[in-house]
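Here is a short briefing on one chain.

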Amino acid sequence: MGVQITNMYSAFGRATDKIVNGRKSVFHLADYCLQKVITEDIRYSHLLAVTSCPDVIAPSLGQCLNQAYNNIFHSAHTIDIVQGCAGGVSAMILASQLAEANRSNVVVITSDAAQKATSTASEVYNVFKNGVFGCCLTYSDNKKRLLHHQSRQYKDLYEVVTIGLGHDSDAIISGNIQDMSSDPRKHLGLKLNNTLALKLMRNAEEFYLDFTKTTGHPDILILHQVNEILINHLESVFSKYPARFINMAAETGNCGCATTGIVLNSIMDEIENKKVMLCSFGTGGVITAGLWQC
């Protein structure tokens with residue numbers, strides 16, 4: 001009894017340029033990816049839709065996708081996850097558990113227009129990119145499965161990433177009315193606190209060692225590609241361990257919750273019979289990881 005990852009697809013950077021400036025960017029990214037992931041003759045029990053920067057609060061990304069593919073998902077449970085960068089790994093963990101418990105097929109779509117969520121004047125504007133990842137978690141009778149998972153939220157780091165847009169944003173708007181017509185994302189958009197980010201990153205090795213006490217070292221380690229400087233540093237930190245460390249930050253940029261999936265998809269031909277650890281961190285001061293036998 002197990003679960004395997006199938007029908008992976010991802011896009012980032014140039015592949016998404018034609019839609020990043022349009023309205024409903026996150027939906028269009030997700031829609032583009034979903035067409036590559038789903039099969040009409042398969043029944044799906046759940047649809048997990050993940051984003052850090054929803055186009056609108058309601059109807060949710062998952063509900064919009066269910067509407068667009070209602071002939072396929074009309075009886076599927078649609079679950080939306082808006083949890084920041086770690087949401088992508090959380091969705092993969094949850095989807096694995098749901099697929100195994102229900103002996104079913106579960107679709108995961110992680111879509112982020114992270115760059116569009118930042119002000120063009122922000123120092124992190126060029127760090128973030130827009131991207132999407134999708135896959136199906138399918139019940140199987142082989143040895144492929146989720147082996148272990150772990151999550152930890154670190155106190156006083158919960159504001160490492162903030163996005164001001166929400167039902168209480170009226171106070172921010174009224175207090176900065178002069179910027180609202182020219183650059184509203186200056187105050188309402190995505191912001192990264194570098195000081196808190198560094199504090200969070202310092203916990204990465206300890207988290208990994210605690211995780212691997214249960215599992216042993218993975219064959220492949222995929223961390224959230226926060227930015228080139230931090231990933232290069234973490235690659236040096238983790239060089240003492242036998243896991244193959246994947247560093248694609250220069251290529252992918254930080255695509256929010258889609259990042260780890262995008263990297264996983266890029267090496268999909270190399271993961272057969274490997275133990276792959278996906279680990280992401282960010283919004284909420286959280287580190288979340290799962291280990292899959294692929």
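**Helix pair α2 and α3**

Helix α2 crosses helix α3 with right-handed geometry. The model is a predicted one.

- Helix α2 covers residues 25–37, and helix α3 covers residues 61–68.
- The two axes come within 10 Å of each other and cross at roughly 50°.
- An angle counts as roughly parallel under 35 degrees and as roughly perpendicular from 65 to 115. The α2 and α3 helices are therefore oblique to each other.
- On the α2 side, the contact is made by Val26, Phe27, Ala30, Asp31 and Leu34.
- On the α3 side, Leu61, Cys64, Leu65 and Ala68 make the contact.
- Asp counts as charged, and Asp31 of α2 is among the contact residues.

**Overall fold**

- The chain has 12 helices and 12 strands.
- Its radius of gyration is 18 Å, close to the 19 Å that the globule rule gives for 294 residues, so the chain is as compact as a globular protein of that length.
- Along the principal axes, the C-alpha atoms fill a box of roughly 60 × 50 × 35 Å.
- Of the 294 residues, 55% count as buried.
- Take the contacts in the chain with a separation of 6 or more: 76% of them are between residues 24 or more positions apart.

**Thr252**

- Thr252 sits in helix α11, which spans residues 249–252.
- Is Thr252 buried or exposed? The cut-off for buried is under 20% relative accessible area. Thr252 has 2%, so this residue is buried.
- Leaving out residues up to four places away in sequence, Thr252 touches Phe12, Lys129, Gln225 and Ile262.

**Arg145**

- Arg145 belongs to strand β6, residues 145–153.
- Its relative accessible area is 22%, so Arg145 is partly exposed.
- Which residues does Arg145 touch, not counting those up to four places away in sequence? They are Met1, Gly2, Val3, Leu291, Trp292 and Gln293.
- Arg145 and Gly2 are 143 residues apart along the chain. Their C-alpha atoms are separated by 4.7 Å.

Notes:
Residues numbered from 1 in each chain as written. Predicted model: local features only at pLDDT ≥ 70, side-chain atom pairs only at ≥ 80, totals over all residues. Heavy atoms only, no water. Axes fitted to C-alpha atoms, helices over the stretch in contact; angles between N-to-C directions. Helix = DSSP H or I, 4+ residues; strand = E, 2+ residues; numbered from the N terminus. Parallel < 35°, antiparallel > 145°, perpendicular 65-115°, else oblique. Left-handed = near helix turned anticlockwise from the far one by under 90°. Contact = heavy atoms within 4.5 Å. Rg over C-alpha atoms; globule rule 2.2 N^0.38 Å. Buried < 20%, exposed > 50% of the residue type's maximum accessible area, 1.4 Å probe, protein only.
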